[in-house]
Amino acid sequence: MKKGPSTERPGLTEEQRAQLRALTGHPDTEAIPEAPTENWQSARRFYKPRKEAISIRIDADVLDWLKGRSDRYQTEINKLLREKMEEAEGG
């Protein structure tokens, strides 16, 4: 089991021990203002879904077109499929 910061480590200065004590517990966030709603409008771009390796059969001409658009054609396939999925969901 991983342990949290220990202020009892040998060789630490008193200042380092104080810094470790400050890291434990809960920080005081009262003085931090709430983020405005508009900050969250583009939050999806930080979302990183789990990837799954699959095997898929694609027509050769479609694959050539995708490879011509980007060296990262697999990412391009995923992007196009996600756009279509979101369009179908009304999002």
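A nonpolar patch here is a group of nonpolar side chains joined within 5 Å, each residue having over 30% relative accessible area and no salt bridge. Keep in mind for every view below that this is a predicted model.

**View 1. A nonpolar patch on the surface.** Ile54, Ile56, Ile58 and Val62 come together here, making a patch of about 350 Å². Take Ile54 as a way in: this residue sits in the loop between α1 (14-23) and α2 (60-69). Ile54 has a relative accessible area of 64%, so it counts as exposed.

**View 2. Arg50 and Glu52 pair up.** Salt bridges are the topic from here on, and the whole structure has five of them. In this one, the side chains of Arg50 and Glu52 meet at 3.6 Å, N to O. Both ends are out in the open: Arg50 is exposed at 70% relative accessibility, and Glu52 is exposed too, at 58%.

**View 3. Arg69 meets Glu76.** The closest N and O atoms of this salt bridge are 2.4 Å apart.

**View 4. Lys79 and Glu83 on helix α3.** Another salt bridge links Lys79 to Glu83, with 4.0 Å between the closest N and O atoms. The two are four residues apart in α3 (residues 73-89), so about one helical turn separates them. Lys79 is partly exposed, at 39% relative accessibility, and so is Glu83, at 41%. Now step back to take in Arg69 and Glu76 as well: salt bridges with shared partners tie Arg69, Glu76, Lys79 and Glu83 into one network.

Notes
Residues numbered from 1 in each chain as written. Predicted model: local features only at pLDDT ≥ 70, side-chain atom pairs only at ≥ 80, totals over all residues. Heavy atoms only, no water. Patch = residues over 30% accessible without salt bridge, like charges linked within 9 Å, V, L, I, M, F, W, Y side chains within 5 Å. Areas by Shrake-Rupley, 256 points an atom, 1.4 Å probe, with all protein chains shown as cover. Buried < 20%, exposed > 50% of the residue type's maximum accessible area, 1.4 Å probe, protein only.
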